[in-house]
Amino acid sequence: MLLFKTVSDLQSYLQKTTNEGKRVGFVPTMGALHKGHLSLVQESKSNCDVSVVSIFVNPTQFDDKKDLEKYPRTIGQDIELLCSVGNDVLFLPSVEEIYPKDLDTTLQLDFGQLAEVLEGAFRPGHFDGMAQVVNRLLNIVQPDCLFMGQKDFQQVAIVHSMLKQLKSKIDLVVCPIIREEDGLAMSSRNRRLSPEFRQKSILLSQTLAKIKAKMTQDTPQQLRKMGLETLSEAGFKPEYFDIVDGFTLLSIDNFSETSYVVALTAAWAGEIRLIDNMIIKQPTEVLA
Ligand code: AMP
């Protein structure tokens, strides 16, 4: 695997590969890699000729500076994992490379309600920072395909909107959530869970699955209440447990009002904030 730390070195390498007509797949990450990230790399490898992974803990998307400081950094292990799946290129930039003083990287796009609900209501500025870094990285890498995880459902919706507003030709490929054997969605933050919360954390996916099983008999309102109560009673501090239209991310009152239904939750497990989601009704049309 090749490792580049500067934009100019990465771009001169990628220029050669695109001149040879090779398709570039890109997987942006914040490191502390696990099998969820590696599934994106595998997808990138099977769809493209050259797979580029970036590891950059983006300061502009952290609303909580303590969370930024405590974000796990395991670069040696990350490099080993990326080599084990045959990734081609690792881009490991500094903050100065991504945000040079003489370059305005801010994005003037409007995501409307997509960025205001769910995570947006609890993490002010998070999605502006996320869109800013994804756009900057896409401008640097200029990939043919971008691989992102359904784990961050709202993030994918916003990146989809961003690509549409920018009239980008990049293909956004959304990859399924990879879970631990007991159902906990893999996350870099899981390694910071206390043993007690690690055990209990299976409740998130179990509760989401219960919503799916009960959607023919109960209303979304009843199921939201059930989700919040289940997590609270187990000692979590849920921020939201919502059932939404997968296209607009707005809460639904009735399961028949849309063809695309997703249940999403964010809950504090002690000091660790976990998110998870489950598509409970598949869309009949594909997002354009
Ligand atoms: P992060 O390093 O958390 O910013 O994640 C980088 C990419 O990996 C994002 O597109 C995430 O949605 C994706 N990802 C994180 N966890 C998982 C998972 N458990 N399964 C699949 N994709 C994931």
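1. Disulfides (pairs of cysteine sulfur atoms within 2.5 Å) number zero in this structure. Cys48 takes part in none, its nearest cysteine sulfur being that of Cys145 at 3.8 Å. That separation is too far for a bond. Both residues are buried (under 20% relative accessible area, 1.4 Å probe, protein chains only): Cys48 has a relative accessible area of 8%, and Cys145 has 3%.

2. The model is predicted; local features require pLDDT of at least 70 and side-chain atom pairs pLDDT 80 or more, whereas totals for chains, interfaces and linings use all residues. Residues are numbered from 1 along each chain as its sequence is written, and side-chain values use heavy atoms, without hydrogens or water.

3. Helix α2 (a DSSP run of H or I, at least four residues) comprises the 13 residues 35–47 and spans 18 Å from first to last C-alpha, close to the 18 Å expected (1.5 Å times one less than the number of residues). Its buried residues are Gly36, His37, Leu38, Ser39, Leu40, Val41 and Ser44. Among the elements covering them are β2 (24–29), β3 (50–55) and β5 (145–149).

4. Among the 17 residues around the ligand (a heavy atom within 4 Å), the nearest are Met30, His37, Asp152, Ile178 and Met186. A side-chain N or O atom of His37 is 2.9 Å from a ligand oxygen, and a polar side-chain atom of Asp152 lies 2.6 Å from a ligand oxygen. Met186 places a backbone N or O atom 2.8 Å from a ligand nitrogen. The protein covers 92% of the 480 Å² of accessible area that the ligand has on its own (Shrake-Rupley method, 1.4 Å probe).

5. Helix α2 contributes the most to the ligand shell, with three residues.

Methods
Buried < 20%, exposed > 50% of the residue type's maximum accessible area, 1.4 Å probe, protein only. Helix = DSSP H or I, 4+ residues; strand = E, 2+ residues; numbered from the N terminus. Contact = heavy atoms within 4.5 Å. Polar contact = N/O pair within 3.5 Å; in protein donor to acceptor, adjacent residues only side chain to side chain.
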